Amino acid sequence: MESQVRGGTRWKRFALVMVPSVAATAAIGVGLAQGALAASFSVSGVDFKVTAQQLDGRNLLQYGSVATGKDLNGKDAVHPVVVSGFSDATITKMCQSVVQPLPFGLGDVTMTLKAGQGDQKIEATNIYLDVSELSTDAQFTNIDIGVAAGEGKRDANGNVVTKIQPGADGKTPGGSPYGFAQRADRAVLSNVQQRAWATTAGSFKLPGLSLSLTGGKHECEPAPKI
């Protein structure tokens, strides 16, 4: 079975719909206290933007969770996110930008990272994206919508290849195992624009990596459309 979805989706809002307990701050606090919701690590006080021409991932598991950390003033902060996990993925023409405010009223500086701009593709294994917003053209193969997040995604041999991330203690799941999730054998995301709080991967091969710093706010532009 193959399903195709076109257009943009506000994933921050979708995350709130997916997991109602994430919608209210009080409920988030209860969930964290009980260990039902937990980020795998503390995120920084700023998010980042990622654009890519295409992400082609296998064994997708997608569920709602919470990223925790401090804001730029050092106060506790929680961020509802949708976690998209893949057993492996290839990415073309990726750009990542982070705008960091400077102290003493000196304005902003933007760090920009680019890779996979030529013929070679970025390769990643066991990659998880903590996303707050996403706009893309998406195509899923063999998709299951509405499964329990704790079911994970299994390969043809029945082995779990994509599962809920562990929490900060290394044991607690990063989302409720009974919460809403969807999974697919394959997800192809084209013309990707997203904001995220974290990305983790078992391995990340970045051909043609370049890094630059510029004064002011200069976030990544959309990649050339397919």
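This note covers the nonpolar cores and the cavities of a predicted model.

1. **Main core.** The largest nonpolar core has 27 residues. Within this core, L55, F86 and F140 touch the most other members.

2. **Where the main core comes from.** Six strands are listed as each supplying at least two residues of this core: β4 (48-70), β5 (76-92), β6 (94-101), β7 (108-115), β8 (122-148) and β11 (180-200). β8 gives the most, with nine residues.

3. **Second core.** A separate core of 13 residues is also present. Its members include V81, V83, V147 and A149.

4. **Cavities.** How many cavities of 30 Å³ or more does the model hold? The count is two. About 140 Å³ of space lies in the largest cavity.

5. **Lining residues.** The largest cavity is lined by 13 residues. Nearest its centre lie V50, I91, M94, L129 and Q194. By class, the lining has ten nonpolar residues and three polar ones.

6. **Lining by element.** β4, β6, β8 and β11 are the elements that give two or more residues to the lining of the largest cavity. Which element has the largest share of this lining? β11 does, with four residues.

Definitions and conventions
Residues are numbered from 1 along each chain as its sequence is written. This is a predicted model: local features need pLDDT of at least 70, side-chain atom pairs count only at pLDDT 80 or more; totals for chains, interfaces and linings use all residues. Side-chain values use heavy atoms; hydrogens and water are left out. A nonpolar core is a set of buried Ala, Val, Leu, Ile, Met, Phe, Trp, Tyr and Cys residues joined through side-chain atoms within 4.5 Å. Buried means under 20% relative accessible area, exposed over 50%, partly exposed in between (1.4 Å probe, protein chains only). On a 1 Å grid over the protein atoms alone, a cavity is a set of points where a 1.4 Å probe fits but cannot get out, and a pocket is an open set with protein on both sides within 12 Å along at least five of seven lines; lining residues have an atom within 4 Å of a point. Grid points are joined across faces, edges and corners, and a volume is the space filled by probe spheres set on the points. Ala, Val, Leu, Ile, Met, Phe, Trp, Tyr, Cys and Pro count as nonpolar, Asp, Glu, Lys and Arg as charged, and the others, Gly among them, as polar.
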